[in-house]
Amino acid sequence: MMQLLKDSLPEDNIVLDNYYQTKKLVRSLGLPVEKIDCCESGCMLYWGDDENLTSCKFCGNQRYKRRVGSRKRKLVPYKKMYYFPLIPRLQRLYASHATAADMIWHHEHTKEDGVMHHPSDPEAWKHFNDTHPFFADEPRNVRLGLCTDGFQPFAQSGRKYSSWPVIVTPYNLPPGMCMKEAYMFLTVIVPGPHNPKQKIDVYLQPLIKELTLLWETGVEAFDISKKQNFQLRAALMWTINDFPAYSMLSGWSTSGNLACPYCM
């Protein structure tokens, strides 16, 4: 097909005539995704300083499956997760004419006393601004919400498999946009088949590292609506989840004694 396309164009064209090279070229236009090997028991990620380990440093489980035959076969991990980096997605919101101007809607919209149109209207948002003026002084800084829950992708077949997507949403956008699917960023897919329970923080390590960077120093971004570079920061304002997932994300036990996080 690529050879046919090249032949149909004028002779001085530079279209690639190889499908593999074309696919490799087009891949660079999209947003990145990382495949990270995990311990089968969920103890650790083979990531960062532990990227080259071949067994879990906590439980000793092997990283790769044993395969009989040639040694040149590709190593297959027992378990892996997918991580979709957050920073390139936030940078792209400001690089697009469709969203750049709307990213400061939370700062510019008219607020009515006693009426809540958006999470920027209530006292929690205002209190955050008063507590962290260095962050609030730049309206292009991003306020984020995080939600997660488990679901059974193979429920119809009766197979027990619990997978946990982690979704991050920017709340700078107006109400008609921030709840749309296009702006709900899937960042982590925690693999199954078992519920990660209190070990979910292991899988959140890459996301926590990015959020820490965005809060402490920020990253450079280009605002196409104002045609200028600026230092983009972000803050995780809240998490949205049910009561069992609240226990997993916060570390507060929601069963037994002192189960209520409000009255204890």
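These legends walk you through several close-up views of the structure above.

The model is predicted, so local features need pLDDT of at least 70 and side-chain atom pairs count only at pLDDT 80 or more, while totals for chains, interfaces and linings use all residues. Residues are numbered from 1 along each chain as its sequence is written, and side-chain values use heavy atoms, with hydrogens and water left out.

**View 1. Helix α9 covers residues 205-216.** Helices (H or I, at least four residues) and strands (E, at least two) are DSSP runs, numbered from the N terminus. Just past the helix, G218 takes a positive phi of about 80°.

**View 2. S120 sits in the loop between α4 (105-108) and α5 (123-131).** S120 is buried, at 1% relative accessibility. Its side chain joins that of H118 through a polar contact of 3.0 Å. Such a contact is a pair of N or O atoms within 3.5 Å; within protein, one must be able to donate a hydrogen and the other to accept it, and residues adjacent in sequence count only if both atoms are side-chain atoms. Setting aside neighbours within four places in sequence, S120 is in contact (heavy atoms within 4.5 Å) with H106, H109, K111 and W125.

**View 3. The structure holds eight aromatic pairs.** Rings of Phe, Tyr and Trp (its six-membered ring) pair if their centres lie within 6.5 Å; planes under 30 degrees apart count as stacked, over 60 as edge-to-face and the rest as tilted. W125 and W238 make a tilted pair, 6.4 Å centre to centre with 55° between the planes. W125 belongs to helix α5 and W238 to strand β8 (residues 234-240), so this pair ties together parts 113 residues apart in sequence. W125 is buried at 2% relative accessible area, whereas W238 is partly exposed at 25%. A stacked pair is formed by F243 and Y246, with 6.2 Å between centres and 10° between planes. Both of these residues lie in helix α10 (residues 243-250), three residues apart, about one turn of the helix. Ring pairs also link F128, F134, F135 and W215 into a cluster.

**View 4. The structure holds zero disulfides.** A disulfide is a pair of cysteine sulfur atoms within 2.5 Å. The sulfur of C59 has its closest cysteine sulfur in C39, 3.6 Å away, too far for a bond. C59 itself is partly exposed, with a relative accessible area of 36%. For C147, the closest cysteine sulfur is in C178, at 12 Å, again too far for a bond.

How values were computed
Expected span 1.5 Å × (residues − 1). Buried < 20%, exposed > 50% of the residue type's maximum accessible area, 1.4 Å probe, protein only.
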